[in-house]
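Dear colleague,

I am passing on the structure below, together with some notes on what came out of going through it. Please read the notes with the coordinates open beside you.

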Amino acid sequence: MEATIALRLPRDAASVPLIRQMLDGTLRSLGVDPQIRDDIELMLTEACSNVIRHAEPSDDYTVSTSVLDDRCVIKVIDNGEGFDASQIITPEPGAEHGRGLLIMRALADDIRFVNRHEHGAVVCLEKRLRYAPGAAGLHLMAM
């Protein structure tokens, strides 16, 4: 089974709830465990928020999400100058900002950053899915 959603979105905070709701609706209809859906929602929100805050000079960004049997793969792609994830400084306890990468790393089963110099960056997040007993997703995987 493969289900894919890909959207080119304006670099605006109003775009985040749209992709979040679309992905959550898909995962809910497949019967994905609510805790896993919450983790995915938070990872997606953090990745999109980072693009909105930091990527330049683009007016838009792309989010591609795929459910591949028991995995959800999210790619958030910007058209800015890219960044070096190893150079990101860990925020001090109590800091108001700068926790996005820490949150994504804590929740994702796999996370990759691809820096495309002068062509933006790709954040790729993967999460293993758990399905409720009798869920549609389990039935579709068995086909």
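Which residue follows H1, and is its phi positive or negative? The residue is Gly31, and its phi is positive, near 85 degrees. Before going further, please keep in mind that this is a predicted model, in which local features need pLDDT of at least 70 and side-chain atom pairs count only at pLDDT 80 or more, while totals for chains, interfaces and linings use all residues. Residues are numbered from 1 along each chain as its sequence is written, and side-chain values use heavy atoms, with hydrogens and water left out.

**Overall layout**

The protein chain contains 4 helices and 5 strands, where helices (H or I, at least four residues) and strands (E, at least two) are DSSP runs numbered from the N terminus. Read from the N terminus, the order of these elements is β-α-α-β-β-α-β-β-α. Of the 143 residues in the protein chain, 41% are buried, a word that stands for under 20% relative accessible area, with exposed meaning over 50% and partly exposed in between (1.4 Å probe, protein chains only). The protein chain exposes about 8000 Å², of which carbon and sulfur atoms supply 52%; accessible areas come from the Shrake-Rupley method with a 1.4 Å probe, and for residues only the protein chains shown count as cover. Among the contacts (heavy atoms within 4.5 Å) with a separation of 6 or more, 66% join residues 24 or more positions apart.

**The nonpolar core**

A nonpolar core is taken here as a set of buried Ala, Val, Leu, Ile, Met, Phe, Trp, Tyr and Cys residues joined through side-chain atoms within 4.5 Å. The largest one has 32 residues, and those touching the most other members are Ile40, Tyr61, Ile74, Val76 and Leu129. At least two residues of this core come from each of strand E1 (2-10), helix H1 (15-30), helix H2 (34-54), strand E2 (60-68), strand E3 (71-78), helix H3 (100-107) and strand E5 (121-128), and H2 gives the most, with 8 residues. In soluble globular proteins, nonpolar side chains tend to be buried together.

Ile74 lies in strand E3 and is buried, with a relative accessible area of 1%. Leaving aside neighbours within four places in sequence, Ile74 is in contact with Leu23, Ile40, Met43, Leu44, Ser64, Thr65, Val123, Cys124 and Leu125. The C-alpha atoms of Ile74 and Val122, which are 48 residues apart along the chain, are separated by 9.9 Å.

**Helix H1 and its two faces**

H1 has 16 residues and reaches 23 Å from its first C-alpha to its last, close to the 22 Å expected at 1.5 Å a residue, the expected span being 1.5 Å times one less than the number of residues. Its buried residues are Ser15, Val16, Ile19, Leu23, Asp24, Leu27 and Leu30. They cover an arc of only 150 degrees around the axis, which puts them on the same side of H1; the arc is that of the directions from the helix axis to the C-beta atoms. The cover over these buried residues includes E1, H2, E2, E3 and helix H4 (136-142), whereas the face turned away from the buried side carries the exposed residues Gln21 and Ser29.

**Individual residues**

Leu42, in helix H2, is partly exposed, with a relative accessible area of 37%. Beyond its neighbours within four places in sequence, Leu42 is in contact with Ile103 and Leu107, and its C-alpha atom is separated by 7.8 Å from that of Met104, 62 residues apart along the chain.

Asp69, in the loop between E2 and E3, has a phi near 55 degrees, a positive value in a residue other than glycine, and is partly exposed at a relative accessible area of 30%. Asp78, by contrast, is placed in strand E3 and counts as buried at 8% relative accessibility. Not counting residues up to four places away in sequence, Asp78 touches Val51, Ala55, Tyr61, Arg116, His119, Gly120 and Ala121.

As for the cysteines, the count of disulfides comes to 0, where a disulfide is a pair of cysteine sulfur atoms within 2.5 Å. Cys72 is in no disulfide, and the nearest cysteine sulfur, that of Cys124, is 10.0 Å away. Cys72 is buried, with a relative accessible area of 1%, and Cys48 counts as buried at 0% relative accessibility.

With best regards
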